[in-house]
Every structure is written in C-alpha cells, then in structure tokens.
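Q: I would like a close look at one part of this structure. Please keep it brisk and take the charged side chains as the theme.

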Amino acid sequence: MTMSPSFDQSPAADAASVLDEVRGQVAKELGVDLSQVEPDTVLKQLPGSDSVRLLRVVAQVERVYDVEFEDEDIFRVRTPGELADLVLAQLAGGE
C-alpha cells in the first residue's frame with residue numbers, strides 16, 4: 001500500500017506528507033535526485049530550474065491537492081517548504 005496521493009483518493013494532508021509530495025514533484029520535474037531537494041533548498045538554485053519548470057511543479061501540486069494558488073503567493077515561494085506551507089494553508093482554509 002502506498003501513501004502517495006493520487007487523483008482517485010484524497011491526498012494525505014499532514015505537513016510531512018505534503019512536503020514529501022512537493023519535494024518529489026520538484027525532483028521529478030527538474031530531473032534531480034530527491035536528496036538535492038531539501039525543505040529549505042532555494043528552488044531557483046537547483047540544476048535545470050527555470051520559471052516554466054517551476055510553474056509546472058506548482059500546477060502539478062495544485063492538481064494533486066485540488067487547490068489553486070493566487071499568483072502573488074506563487075511568486076513569493078522560494079523553497080519546497082514554503083510551497084508545502086502554502087498547500088497546507090489552502091487546505092486548512094477549505095477553499
């Protein structure tokens with residue numbers, strides 16, 4: 001049994017699982033090892049990072065958790081930890 005969120009089930013929304021999901025999405029999109037994506041890693045400093053790829057990460061995270069971020073919130077996010085916090089805030093707000 002896997003704990004990974006899917007489109008068919010409600011994703012687990014505790015802080016650790018959201019952070020793991022965000023880190024995994026970043027690693028997958030940028031083609032880097034998961035160990036390179038720490039919670040406080042500056043996303044723009046990762047190999048292969050550019051604005052289009054980072055927006056793809058955000059879009060995928062939005063789909064996984066069925067949330068939608070405001071543009072200004074997205075542009076403030078610098079790290080996987082901050083993106084995970086944004087997801088948790090959205091889920092807590094019930095929007």
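How many salt bridges does a search of the whole structure find?

A: The search finds three salt bridges in the whole structure. Keep in mind that this is a predicted model.

First, the setting. The chain has four helices and zero strands. From the N terminus on, the order of elements is α-α-α-α. The chain has 95 residues, and 40% of them are buried.

Now the pairs. Side chains of opposite charge can pair when their charged atoms come close.

Start with D20 and R23. They form a salt bridge, with 3.9 Å between the closest N and O atoms. The cut-off for a salt bridge is within 4 Å, so this pair counts. Both residues belong to helix 1, which covers residues 15–30. They are three residues apart there, so about one helical turn separates them. Their surroundings can be read from accessibility. D20 is partly exposed, at a relative accessible area of 46%. R23 is buried, at 14%. Buried means under 20%, so R23 falls in that class.

Next come R56 and E29. This salt bridge has its closest N and O atoms 3.1 Å apart. R56 sits in helix 2 (residues 51–65) and E29 in helix 1, so the pair ties together parts that are 27 residues apart in sequence. R56 is partly exposed, with 46% relative accessibility. E29 is partly exposed too, at 23% relative accessibility. The buried class stops under 20%, so E29 stays out of it.

The remaining pair is R76 and D73. Their side chains meet in a salt bridge at 2.4 Å, N to O. The side chains of D73 and R76 are also joined by a polar contact of 2.4 Å. Both residues lie in helix 3. They are three residues apart, about one turn of the helix. R76 counts as exposed, at 55% relative accessibility. D73 counts as buried, at 19%. The limits are over 50% for exposed and under 20% for buried, so R76 and D73 fall in separate classes.

Stay with helix 3 for a moment. This helix runs over residues 71–76 and holds E72. E72 is partly exposed, with a relative accessible area of 46%. F75 has its place in helix 3 as well. F75 is exposed, at a relative accessible area of 65%. The C-alpha atoms of F75 and L55 are 9.7 Å apart. Along the chain, F75 and L55 are 20 residues apart.

D73 pairs with R76 in a salt bridge, and D73 has 19% relative accessibility. Patch members must have over 30% and no salt bridge, so D73 does not qualify.

To recap the pairs: D20 with R23, R56 with E29, and R76 with D73.

Key
Residues are numbered from 1 along each chain as its sequence is written. This is a predicted model: local features need pLDDT of at least 70, side-chain atom pairs count only at pLDDT 80 or more; totals for chains, interfaces and linings use all residues. Side-chain values use heavy atoms; hydrogens and water are left out. Helices (H or I, at least four residues) and strands (E, at least two) are DSSP runs, numbered from the N terminus. Buried means under 20% relative accessible area, exposed over 50%, partly exposed in between (1.4 Å probe, protein chains only). A polar contact is a pair of N or O atoms within 3.5 Å; within protein, one must be able to donate a hydrogen and the other to accept it, and residues adjacent in sequence count only if both atoms are side-chain atoms.
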